Amino acid sequence: MQKTIWPNKDTKFFFSMATNPGNTGTKLHNTLFKILKLNNIYLPFKVKSNKSAKNIIQNLNFSGCSLSMPFKETLVSIVDRLDKSAAEIKSINTILKKNNKLIGYNTDYYAALKILKKININKNSEVLLLGFGGVSKAILKALKDLKFKKIIFSSRKKRNFDQLKISKNVKFCKWSDKNKLKPYLLINATPLGMFGKNKAKSPVDEILLKNINVVYDLTINSNKNILQKLCEKYRINYISGIYSSYLQGIRQFEIYNNIKLSKKILNKIRTIIQK
């Protein structure tokens, strides 16, 4: 019996686009394709410009696409339809191609909801959110939807804050003043601490961490960054970007393949991914 050639003419193609792509999503999706015996493949693309990203989306024959910074916001206009949360956030990290139409989703929002619920902190606790990218907006929506009452937003430019539709429970803090605060929960949605040029940078000074109980760090770094090391030093509950990426990737996989993963499969993939 002749062995099946893979990939082949019927293989569905999925990919990610980032200026500095990693292998987290590649490992997750391709491992799940193998477990579920799906004739699919997922590859990471290194894309430098918004123009190139648009050309790829418009001209490539694909089934699904994952977006990283800075394409989460710049490619919103290219899709035909947005799901409810993505429409409110105005940021997408997932594109599904269905019946030749592009549908945009934001699974960062889904991951943020899961993590914030799991932390299970008092909704009156002060939260400091750093950053103004697409993932920051997704987390801000999750915080508001979960009825957190004291949200402090900080980015390098105040005009970023002025562009947002802010409720009375969200305040702005100058980037230079953030280390004076004493939040219960710190959320780092900046690239500071990510691999590459930002690897050796921390989003906050050590003095701030002495008063924090939980850190939710969106950076993805296979090695411990400065923020994680400081959290270990002060015995702060640290939630990594790798875990957040896993959660959003699972939701993304379900959207791509129109499937609900069982607990058995989820346990199996987590064991493999953590190796």
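Visitor: How many aromatic pairs does the structure hold?

Guide: The structure holds ten aromatic pairs. This is a predicted model, where local features need pLDDT of at least 70, side-chain atom pairs count only at pLDDT 80 or more, and totals for chains, interfaces and linings use all residues. Residues are numbered from 1 along each chain as its sequence is written, and side-chain values use heavy atoms, with hydrogens and water left out.

Visitor: How is a pair of aromatic rings described?

Guide: By the distance of the centres and the angle of the planes. Rings of Phe, Tyr and Trp (its six-membered ring) pair if their centres lie within 6.5 Å; planes under 30 degrees apart count as stacked, over 60 as edge-to-face and the rest as tilted. Here, Phe 14 and Tyr 256 have ring centres 5.0 Å apart and planes at 40°, so the pair is tilted.

Visitor: Which parts does the pair of Phe 14 and Tyr 256 tie together?

Guide: Phe 14 lies in strand S1 (residues 12–18) and Tyr 256 in helix H10 (residues 241–257), so the pair ties together parts 242 residues apart in sequence. Helices (H or I, at least four residues) and strands (E, at least two) are DSSP runs, numbered from the N terminus.

Visitor: Are Phe 14 and Tyr 256 buried or exposed?

Guide: Both are buried. Buried means under 20% relative accessible area, exposed over 50%, partly exposed in between (1.4 Å probe, protein chains only).

Visitor: What about Tyr 243 and Tyr 246?

Guide: That aromatic pair is stacked, 6.5 Å centre to centre with 20° between the planes. Both residues lie in helix H10, three residues apart, about one turn of the helix. Tyr 246 is buried, its relative accessible area being 10%.
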